[in-house]
Amino acid sequence: MSTRRDFLQIAGLSTLALSLPLADTLAASVFSKEDKVLRVAIMGLGSYGTRVAEAMKESKRAKLVGVISGTPSKVETWRQKYGIPDKNCYNYENFDQIKENPDIDAVYVITPNSLHKPYGIRVAKAGKHVICEKPMALNAAEGREMIAACKAAGVHLLVGYRMHFEAKTLEVVRMQRAGEFGKTLFFQGLSGFIIGDPTQWRLNRELAGGGAMMDIGIYSINGSRYMLGEEPIWVTAQEVKTDPVKFKEGVDETITFQMGFPSGAVASCLSTYALNNLDKFYLDGTKGFAEMQPSTGYGPIQARTNNGPIEREHITHQTVQMDEMAAIILDGKKPVIPVDGEEGLKDLVIVDAIYEAVKTGKKVMIG
Ligand code: NAD
């Protein structure tokens with residue numbers, strides 16, 4: 001958020017040079033909504049945190065102003081690279097003190113999955129807005145705790161669903177909602193990649209909360225919901241494991257799952273850590289279809305319908321996401337596809353149901 005102090009500095013005035021009421025009046029008259037900037041601290045300076053930081057350089061509404069990390073050398077590198085003041089640098093032990101820091105509005109939690117809930121709740125208790133990476137938490141019960149904590153603290157809880165702001169995705173969603181595909185009765189979601197290093201946190205049940213489903217399968221879950229525009233009422237699922245050494249107990253390698261929706265639509269999806277070239281959505285209706293491949297990668301996304309290709313400018317997803325999230329938090333903007341805690345929870349309810357269906361071999365009803 002641009003502050004009165006920034007304004008005074010830009011205007012070449014000091015706070016002391018003006019009586020406070022006058023300074024306030026001047027600042028209020030100069031700033032419009034568009035001038036407000038969301039001041040963000042990133043927690044977890046890993047590969048995705050780095051991608052978000054780079055993308056935020058181009059953001060008009062969000063600015064990286066702080067870091068939270070357990071690695072002092074990374075803090076030093078980021079401090080220099082992004083011009084972050086010392087007073088905005090925290091570690092996992094002391095970041096509750098962010099409460100006393102008026103220069104940070106929100107913390108973007110980009111740690112391994114199991115830390116999203118405990119750290120997200122600490123951020124909320126420190127009175128800062130929480131932006132959290134997907135999956136929002138390890139299961140629906142944890143998701144509900146996060147929502148309650150953010151509600152109690154009066155802060156926003158947003159989930160890093162960058163596809164919800166992607167232009168071609170939004171055009172397919174618009175067409176679907178307008179009935180241009182007729183009655184959409186089938187969705188296919190294919191989400192997967194071959195995972196490398198067996199020692200990484202993504203293959204550690206305690207840190208990841210599962211396997212491919214938590215990491216990449218969630219894109220097909222989420223995609224089925226925004227592409228069909230309804231919530232599933234049942235799931236069935238089957239697990240296949242070709243490498244039980246790499247994919248230990250509780251870490252899923254491949255799961256196929258099916259979902260049924262109130263309209264009679266069905267979704268058929270694959271989540272895997274064992275195959276590349278799986279980043280595809282297909283939506284079929286009585287009057288037309290949409291196909292997206294790649295559908296959720298960093299882009300450019302490719303989309304075509306029965307009417308031909310959808311052309312839209314590719315803008316770095318995380319740049320658009322941060323601009324839009326700033327507008328949600330600062331201006332109360334309502335996104336076309338929600339990115340709030342309730343949205344994150346809906347996916348976690350389905351994740352829980354899929355794991356239960358795998359375990360029991362039964363159809364699991366939702367809701
Ligand atoms: P990463 O391993 O590259 O980074 C994780 C960071 O967390 C590291 O800096 C690590 O030091 C830190 N960390 C803090 N406590 C840790 C602990 N106890 N154990 C291990 N690391 C710890 O992982 P990443 O790829 O950046 O993923 C981070 C989060 O971002 C995950 O939740 C992931 O699902 C999400 N993600 C989202 C997208 C997207 O497109 N939205 C893409 C990639 C990752």
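This is a predicted model: local features need pLDDT of at least 70, side-chain atom pairs count only at pLDDT 80 or more; totals for chains, interfaces and linings use all residues.

Me: How do you know where the domains are?
Reply: The bounds come from an automatic or database domain assignment. Here that gives domain 1 (4–162) and domain 2 (166–313 + 341–365). Their centres, taken over C-alpha atoms, are 30 Å apart. As for contact (heavy atoms within 4.5 Å), domain 1 puts in 19 residues and domain 2 puts in 23.

Me: What makes area "buried" between domain 1 and domain 2?
Reply: Buried area is the accessible area (1.4 Å probe) that two parts lose on being put together, summed over both. For domain 1 and domain 2 that comes to about 1,900 Å², with 59% from carbon and sulfur atoms. On the domain 1 side, Lys134, Tyr161 and Arg162 lose the most, together 33% of what that side buries.

Me: Why is the pair Lys134 and Asp215 called a salt bridge?
Reply: The rule asks for a side-chain nitrogen of Lys or Arg within 4 Å of a carboxyl oxygen of Asp or Glu. In Lys134 and Asp215 the closest N and O atoms are 3.4 Å apart, so the pair passes. The rule finds one salt bridge across the interface of domain 1 and domain 2, and 21 in the whole structure.

Me: What makes Lys81 and Glu54 a salt bridge too?
Reply: Their closest N and O atoms are 3.3 Å apart, so they meet that rule as well. This pair links distant parts of the chain: Lys81 is in helix H4 (residues 72–82) and Glu54 is in helix H3, 27 residues apart. Those helix labels are DSSP runs numbered from the N terminus (helices are H or I, at least four residues; strands are E, at least two).

Me: Why do Thr236 and Gln258 count as a polar contact?
Reply: You need a pair of N or O atoms within 3.5 Å; within protein, one must be able to donate a hydrogen and the other to accept it, and residues adjacent in sequence count only if both atoms are side-chain atoms. Thr236 sits in strand S8 (residues 234–240).

Me: How do you know which residues are near the ligand?
Reply: A residue is near if one of its heavy atoms lies within 4 Å of the molecule. That gives 22 residues around the ligand, the closest being Ser47, Tyr48, Asn113, Arg162 and Trp201. The side chain of Asn113 has an N or O atom 2.8 Å from a ligand oxygen, and a polar side-chain atom of Trp201 is also 2.8 Å from a ligand oxygen. For Tyr219, a polar side-chain atom lies 3.1 Å from an oxygen atom of the ligand.

Me: What kind of peptide bond runs from Lys134 to Pro135?
Reply: That bond is cis, with omega near -15 degrees. Pro135 lies in the loop between strand S5 (129–132) and H6.

Note on methods
Residues are numbered from 1 along each chain as its sequence is written. Side-chain values use heavy atoms; hydrogens and water are left out.
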